[in-house]
Amino acid sequence: MVKLNEHYLELKQSYLFAEIGRRVAAYAAEHPDAKIIRLGIGDVTRPLTPAVVEAMSKAVAEMGQAETFRGYGPEQGYDFLRNAIVDYYARNGVTIAADEVFVSDGAKSDTGNITDLFDPENKVLIPDPVYPVYVDTNTMNGRNIIYMDANAENNFLPMPDPDVDADIIYLCSPNNPTGATYNREQLKAWVDYANSKGAIILFDSAYEAFISDPELPRSIFAIEGARECAIEFCSLSKTAGFTGTRCGYTIVPTELERTSTTGVRQSVKAMWNRRQTTKFNGVSYIVQRGAAAAFSEQGMKEAQENIAYYKENARIIAEVFEKKSVRYFGGINSPYIWFECPKGMDAWTFFDYLLKEVNVVGTPGEGFGTNGTHFFRLTAFGTKEATIEAMKRIESIL
Ligand code: MLT
């Protein structure tokens with residue numbers, strides 16, 4: 001008889017955002033007149049920008065003509081997009097090569113799929129709280145997870161402990177959910193730690209475009225030594241409104257190699273290439289054309305206008321917490337505001353309270369780890385009108 005992967009039994013019953021969706025749907029069914037405002041999942045509301053729409057429309061037209069029609073594309077992404085990503089990094093002062101860029105349907109898939117490359121015996125170091133995909137995917141593989149505390153005392157930026165031996169390290173900066181962002185010295189400490197242990201850092205930079213402080217690194221590859229120990233995951237979901245369009249990319253540097261137990265030198269880039277060519281058929285041509293346009297100077301200018309819009313929402317949220325003396329983090333170089341639940345409530349209690357009392361949906365901090373038990377996350381990705389209305393309602397119960 002087949003034996004199923006019993007590690008699934010160790011997972012929470014449903015994925016965080018599925019659970020939120022379930023609770024909100026149940027409440028909405030019971031209260032059809034409730035005007036629910038959703039600031040839970042970080043889903044964008046601004047439309048694709050003109051540069052992206054134009055490029056995609058052109059690509060659709062090309063697909064409708066025999067002379068310009070395209071079938072399967074390269075699994076790693078078309079050169080025009082890989083080169084556009086290289087240029088984008090160069091404009092931010094970071095050098096990468098086109099063959100180190102692997103285009104995909106998003107950072108969520110890649111941060112989960114990358115686990116294929118690692119032995120189940122590896123020890124995985126994961127901040128608590130953090131994006132739940134890292135914990136869930138390693139739990140599915142039965143890996144041993146070591147948690148590192150991110151809390152108000154360390155500004156939600158845990159630093160390496162030389163006494164802890166880790167093989168795989170997840171870092172997310174700007175952080176989801178706390179908005180905390182590592183500076184250069186802090187990231188350098190992580191790179192040095194990883195290199196001293198022979199570990200690999202899986203660096204999620206999905207929110208890099210929200211960094212406005214020029215001193216803060218937007219890529220781990222801005223740090224010396226990172227090419228020997230890091231893989232970077234990024235996405236256009238939050239940068240250019242691609243949550244529904246789907247396009248992300250992973251950067252695996254050529255220098256990243258390890259020696260097998262039998263003495264064979266293994267290139268991580270070659271392994272990822274092997275994995276992707278076997279299990280993935282690439283992102284659609286139309287989407288890649290849109291993505292390349294998003295990375296152009298004009299595309300990024302337009303994307304930054306939307307990011308400024310979301311940052312204004314973050315300011316509106318923070319303003320209420322300032323006024324009401326609620327302790328909060330993030331919202332500056334990040335679209336998330338992470339705050340302490342009022343009246344000593346735990347996060348799921350506050351979630352239900354907020355939904356029932358004022359019909360506002362947020363994300364309970366506990367869904368990101370035990371250190372989030374008394375914290376709550378609001379996203380700045382709503383419309384400005386919805387954000388103002390939600391904060392008016394929240395202010396009334398603080
Ligand atoms: C979030 O709300 O944490 C994100 O939107 C989830 C994701 O990017 O998959």
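Which polar side-chain atom lies 2.7 Å from an oxygen atom of the ligand? The atom belongs to Arg-377.

## Basis of the model

The model is predicted, so local features need pLDDT of at least 70 and side-chain atom pairs count only at pLDDT 80 or more, while totals for chains, interfaces and linings use all residues. Residues are numbered from 1 along each chain as its sequence is written, and side-chain values use heavy atoms, with hydrogens and water left out.

## Ligand site

Around the ligand are Phe-17, Ile-41, Gly-42, Tyr-131, Asn-176, Tyr-207, Lys-238, Tyr-336 and Arg-377; a residue is near a molecule if one of its heavy atoms lies within 4 Å of it. This shell divides into five nonpolar, two polar and two charged residues. In these classes, Ala, Val, Leu, Ile, Met, Phe, Trp, Tyr, Cys and Pro count as nonpolar, Asp, Glu, Lys and Arg as charged, and the others, Gly among them, as polar.

A polar contact here is a pair of N or O atoms within 3.5 Å.

## Helices α9 and α11

Helix α9 (residues 297-323) packs against helix α11 (residues 384-397) at an angle of about 10°, and their axes are 10 Å apart. Because angles under 35 degrees count as roughly parallel, α9 is roughly parallel to α11. Axes are lines fitted to C-alpha atoms over the stretch in contact, and angles run from 0 to 180 degrees between N-to-C directions. Helices are DSSP runs of H or I with at least four residues, and strands are runs of E with at least two, numbered from the N terminus.

On the α9 side, the contact (heavy atoms within 4.5 Å) includes Tyr-309, Ile-316 and Phe-321. Among the α11 residues are Ile-388, Met-391 and Ile-394. By class, this contact has eight nonpolar, two polar and five charged residues.

## Backbone features

Asp-128 and Pro-129 are joined by a cis peptide bond, with omega about 10°. Pro-129 is in the loop between β3 (123-128) and α5 (133-140). Another cis peptide bond joins Ser-173 and Pro-174, with omega about -5°, and Pro-174 lies in the loop between β5 (168-172) and α6 (184-197).

Arg-246, a residue other than glycine, has a positive phi near 70°. Its loop runs between β7 (230-235) and β8 (248-251).

Conventions
Parallel < 35°, antiparallel > 145°, perpendicular 65-115°, else oblique. Polar contact = N/O pair within 3.5 Å; in protein donor to acceptor, adjacent residues only side chain to side chain.
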